[in-house]
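Biologist: I would like a close look at one part of this model. Please walk me through it in plain steps.

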Amino acid sequence: MRAPAISIKGRAFGDRVLLALVILLSLVMVAPVLWVIGLSLKENAELMANPNSVFHAPYTLKNYVNTIGTSSVFVWVFNSIIVSGGLTLGTLILSSLAGYGFARLNFPGRNVLFVIVLFGLAVPEQAVLVARHQIFSMLNFHNTYHGLILPGLSASFGVFLMTQYFKAIPKELDEAAMLDNASRFRTFWKVLLPLTVPAQATLGIFTFLGAWNDYLWPLISATKKDMYTLTVGMASTQTNFAQSEGIGFLMAQAVFAGAPILIVYLFFQKYIVTAVSGAAVR
Amino acid sequence: MTADIEIRNVSKHFGAMTVLDDLSLFIKAREFIVFLGPSGCGKSTLLRMIAGLETVDTGEIAINNERIDHLPPGKRGIAMVFQSYALYPHMSVRDNMAFGLENIGMPRDLIDARIKESARILEMEHLLERKPGQLSGGQRQRVAIGRAIVKEPKAFLFDEPLSNLDAALRTRTRIELAQLHQRLQSTMIFVTHDQVEAMTLADRIVVMNNRKIEQIGSPMEIYDRPATKFVAGFVGAPAMNFVEAMLDRSSRNATARFADGIAVQTEIASDQTIDGKYTFGIRSEDVRIVPAGQGNADGVVDVLERLGERTLVYARLGDGQQIVGSDAGNSRVAVGDKVGLAFDGRKSHLFGETGRAWHAREV
């Protein structure tokens with residue numbers, strides 16, 4: 001009878017050690033975020049005098065008021081929502097249709113085309129930046145929403161992910177739908193697509209986060225201030241002396257920019273964990 | 001609604017491989033037909049061709065004399081129950097059953113009435129709002145059948161629908177299927193490799209092997225008078241005993257002589273047989289266990305299988321050939337005993353080199 005008692009005690013100790021390690025690692029991860037929030041709540045003059053002042057009162061929301069007071073911020077947030085939302089929606093639609101096509105339809109050159117799509121994964125954005133800039137310039141796409149959205153729609157990863165997901169759905173479901181007199185589109189729309197929701201959520205989250213945080217292409221394409229996305233807009237407000245003279249303001253902007261992402265994380269935590277761990281939500 | 005189904009000279013190829021070779025079959029209305037055969041014999045392919053899930057390379061398939069092989073699956077008036085059930089996981093049982101009817105534009109009240117009636121027949125009214133993931137294997141099976149019933153099809157196709165159930169549930173569902181057939185009086189085609197399912201369910205069994213039909217007949221015809229050696233060996237458990245034999249055709253009935261001199265007088269007419277090598281065949285229940293020296297041959301008991309109502313005795317002959325015989329349930333025979341094997345000549349079979357069978361005269 002003693003052996004199990006010792007084992008349970010040993011397990012409890014092991015659990016405590018594990019918990020301590022988890023807390024320690026969490027603190028390491030969270031510390032920079034807390035630091036940013038702390039800085040954003042302090043007067044700049046106070047921070048310049050003593051950086052350790054972040055650990056004690058007084059705290060102020062002045063930096064946030066200043067950030068919101070910059071009227072362009074709302075425009076940039078709106079732009080980011082349009083671009084990220086549009087890109088996410090477009091990517092989900094195109095990737096789902098392409099994934100279904102690659103997984104379920106037989107057409108000449110399917111395998112070659114799929115390899116070409118996969119090859120897209122290996123091409124860095126920087127390699128096509130100049131050519132894309134020139135093409136978009138010729139088409140007068142710069143400083144437009146579609147100019148910001150279109151490049152992201154060539155989502156090799158999305159097509160790959162959805163293809164694999166559709167392939168994993170048993171073909172008997174398609175066949176049952178065929179016997180149920182469903183058209184191909186109705187089979188796709190009513191039977192198969194609802195089963196890919198976990199993959200859609202994963203792809204949607206990654207696409208949205210990627211688009212929200214994207215800096216390089218909006219910096220090139222959106223040259224007019226009213227077409228800035230949040231990232232470009234925030235960067236434009238930083239002066240040369242921002243690090244020394246406006247650190248609190250800078251951090252308030254960072255918190256402001258990160259808030260939507262935090263909200264996305266909170267709502268879709270289950271799918272993000274699944275996406276990162278590579279497991280499927282069934 | 002019911003229908004007869006005719007398959008005329010149908011062939012199917014996958015690339016260079018022939019899966020079905022010039023196959024013809026007529027299935028009568030209201031008949032319960034079972035396609036029985038080993039894996040890869042083409043039985044599921046044939047079923048899928050009737051369903052429209054596989055194309056027909058050559059030949060025709062007709063329902064009630066109307067060709068259907070050019071029609072899409074949904075237009076053939078056929079319902080199919082899949083091995084994996086293929087229920088739509090995100091839909092409730094009710095929606096699963098309604099989906100096919102919605103697709104043909106049936107009014108909602110009629111759909112509801114059909115679902116209600118089907119659910120009543122299958123005693124699953126309480127499951128209608130559940131999703132497939134919340135059902136047991138047996139319940140899913142029931143829903144799959146329900147989804148077929150609501151369509152009131154001309155014929156039901158079953159593709160090994162019992163293979164995912166445990167033994168007890170399989171037996172129960174088998175009986176329920178037989179009752180369902182009696183109740184609906186529909187044409188049903190059932191694919192299986194399980195001979196017990198075939199024997200218990202079928203009006204007629206179509207035994208398939210190697211891309212062709214070996215025999216079509218009632219379960220007892222298939223069992224008692226197998227057309228070929230393959231059928232004789234495939235149907236029945238344990239498998240029929242086979243022994244290489246020479247044929248003595250000098251008397252009215254042929255006598256089979258085994259290599260070690262054992263002779264069995266059959267009731268197979270000598271003049272019906274032809275010259276050549278033969279295989280003698282006899283089922284285990286037609287080989288009685290008697291005291292050594294009193295049967296056609298003696299053997300040493302290798303293995304005993306006590307089935308309750310009878311005991312299967314695996315005895316090895318002098319030349320090493322194993323013969324399975326049958327003794328009483330409370331048989332006192334033990335492993336290692338020397339026993340006599342008495343072959344019932346009236347129930348013996350002969351198989352020629354091509355596999356063709358000869359049987360005793362019918363009484």
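Biologist: In β21(B), which residue is the bridge partner of B:His349?

Modeller: Keep in mind that this is a predicted model. The bridge partner of B:His349 in β21(B) is B:His359. B:His349 belongs to strand β20 of chain B, residues 349-351. Strands β20(B) and β21(B) pair in the antiparallel sense, over three bridges.

Now widen the view to the sheet. Six strands of chain B form an open sheet. Their order is β13-β12-β11-β14-β20-β21, and the pairing is antiparallel. In general, strands of a sheet pair through backbone hydrogen bonds. The edge strands here are β13 (263-269) and β21 (357-359) of chain B. Each of these two pairs on one side only. From one strand to the next, the twist averages 40°.

Strand β12 of chain B, residues 253-258, is joined to β13(B) by four bridges. These two strands run antiparallel. One pair to find is B:Asn253 and its bridge partner in β13(B), B:Ala269. The strands β12(B) and β13(B) make a hairpin with four residues between them. In that hairpin, B:Gly261 takes a positive phi near 90°. Now look at the two faces of β13(B). B:Val264, B:Thr266 and B:Ile268 lie on the covered face. B:Ala263, B:Gln265, B:Glu267 and B:Ala269 lie on the uncovered face.

Next, a helix. Helix α4 of chain B covers residues 137-149, which makes 13 residues. From first C-alpha to last, α4(B) reaches 18 Å, close to the 18 Å expected at 1.5 Å a residue. Ten of its 13 residues are buried, so α4(B) is largely enclosed by the rest of the structure. The buried residues include B:Arg140, B:Val143, B:Ile145 and B:Ile149. What do they pack against? The buried residues of α4(B) pack against β6, α2, α3 (108-121), β7 (155-159) and α5 (167-184) of chain B.

Two of those neighbours lead us to chain A. In all, 17 residues of chain B are in contact with 14 residues of chain A. On the chain B side, β6 (78-81) and α2 (93-103) are the elements that give two or more residues. α2(B) gives the most, with three residues. The residues on this side divide into twelve nonpolar, five polar and no charged.

Finish with chain A itself. Its secondary structure comes to 16 helices and zero strands. Buried residues make up 29% of its 282 residues. The domain assignment gives domain 1 (2-55) and domain 2 (71-237) of chain A. The centres of these two domains, taken over C-alpha atoms, are 37 Å apart.

How values were computed:
Residues numbered from 1 in each chain as written. Chains lettered and ligands numbered in written order. Predicted model: local features only at pLDDT ≥ 70, side-chain atom pairs only at ≥ 80, totals over all residues. Contact = placed C-beta atoms within 7 Å. Nonpolar A, V, L, I, M, F, W, Y, C, P; charged D, E, K, R; others polar. Buried ≥ 20, exposed ≤ 12 C-beta atoms within 10 Å, placed from the backbone. Domains from an automatic or database assignment. Pairing = 2+ DSSP bridges. Axes fitted to C-alpha atoms, helices over the stretch in contact; angles between N-to-C directions. Expected span 1.5 Å × (residues − 1).
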